[in-house]
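I opened the model to look up a few side chains. My notes follow the structure.

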Amino acid sequence: MKLSAPRGTKDILPQEARVYQELEKTSRQIFDAFNYHELRTPIFEDVKLFQRTLGQTTDIVQKQLLSLKSDGEDEFALRPEATASIVRAYIEHGLHLKDGFSKYYYIGPMFRGERPQKGRLRQFHHIGAEAIGSLNPYLDAELIFLSVRLIEAFGIEGYTLNINNLGCAKDKENWSKLLRSTLKNRIKNFCNLCQERFDRNVFRILDCKNEACKEELKKISLKENHICSDCQEHFAVVQEALKNLKINFKISSFLVRGLDYYTRTVFEITHASLGSQDALGAGGRYDNLISQLGGPDLSAVGFALGVERMLLANKKINETQDSIIAYFITLDKEATKKGFLLLNSLRNENISCDMNYEGASLKSQMRSANKSGAKFVIIIGEDEIKTDSVTLKDMSSGNQEKIKSNQLISELKNKI
Ligand code: HAM
């Protein structure tokens, strides 16, 4: 039987793993600049956490949770996203008492049992942030700016930022009534899924991807009259702050997001090159989630970017070339013995280097050196053994010189 990785998952081979590392490194630098701190949570949680936070009627909870059962224990699920876990950890550790207003980030795998397609995996990665403990609209602008800053740092151009205002819980309730009465006589013209959504999650009809539903929606007018004045004011400040930061955005009154916890500002960053799964990342406010989970009455806002979608949107990110500083070429047994010792003394100094373990000819060792992208080649033969030296060749200029073995480290440090 031929075994392969489960459908919708992928092995990240070394060259691509390097790309992930680069994205993570850049993200961490940017999170530091914005004063966000890493919070690592388990990759599985009690299934009830997701049922209570994401909404019983959402697609994620109804169809996409990958659950784990172990004898006699509670049912667990692999995390489909991290916001719920961050809030759970925040409450569990009483972080509101210790840290007060707090800003967290996370980088890691998420799991959704979806039907795999381009840009839609069962295991994918999020780079995300959550700021808990403030209703200040400048914080919404900060998180939007932070997500745009990350996307630009990854070299992605041509993205679109859509924002919308869902209003507070009361506004959402009014809106849901308003939508139902507006759509009631037309719902038969929508797809089967939307007809189901009419009862269980009417907002999701607004972001249905079905062309016929999109056409139908164009026929109805969505006025903002369901939003209270506080929420309107809040959104006005967010927009003004984004304009001052010179961030281009579009207001999309059809942007509702697929998770129940959102209130007030929501946003999504899309890229036309991605096809039907076009969101690079998304986020928004969730002002009731912390109290809903038994925590204090605190507001919060966050986002998550999908790493695999960002890799699709900027193929150039994948061109990172792995390289090392030095490659040892040894010409006989004695030289290999000495080379192996020198190799590891360089590694003790964190100078990246390697040698060939296949007992290969000079020609094939040279080929391996080229493949490794080494900046220098260190050659040891009979003559070098006799004089306790090495030949150091600079691969870009082709210049080579003989130096004493005990000067190799300082010589290399001078050159790199
Ligand atoms: P989300 O929109 O479900 O939001 O996911 C964020 C991003 O993850 C998407 O925009 C997309 O790039 C990526 N993504 C989602 N599902 C998949 C998949 N199956 N395969 C590949 N990539 C995928 C959240 O998860 C919220 N927790 C974001 C948030 C944080 N809101 C507030 N704080």
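**Ground rules.** I am working from a predicted model, where local features need pLDDT of at least 70, side-chain atom pairs count only at pLDDT 80 or more, and totals for chains, interfaces and linings use all residues. Residues are numbered from 1 along each chain as its sequence is written, and side-chain values use heavy atoms, with hydrogens and water left out.

**Aromatics.** I searched the whole structure and got nine aromatic pairs (ring centres of Phe, Tyr or the six-membered ring of Trp within 6.5 Å; stacked under 30 degrees between planes, edge-to-face over 60, tilted for the rest). F31 and Y105 are stacked, because their ring centres lie 4.3 Å apart and their planes are at 10 degrees. F31 sits in helix α1 (residues 14-33) and Y105 in strand β5 (residues 102-111), so the pair ties together parts 74 residues apart in sequence. Helices (H or I, at least four residues) and strands (E, at least two) are DSSP runs, numbered from the N terminus. I found both F31 and Y105 buried (under 20% relative accessible area; exposed is over 50%, partly exposed in between; 1.4 Å probe, protein chains only).

**T83.** I placed T83 in helix α4 (residues 83-92). T83 counts as buried because its relative accessibility is 5%. Its side chain makes a polar contact of 3.0 Å with that of E130 (N or O atoms within 3.5 Å; within protein, one able to donate a hydrogen and the other to accept it; sequence-adjacent residues count only if both are side-chain atoms).

**F44.** I found F44 in strand β2 (residues 44-46). F44 counts as partly exposed because its relative accessibility is 37%.
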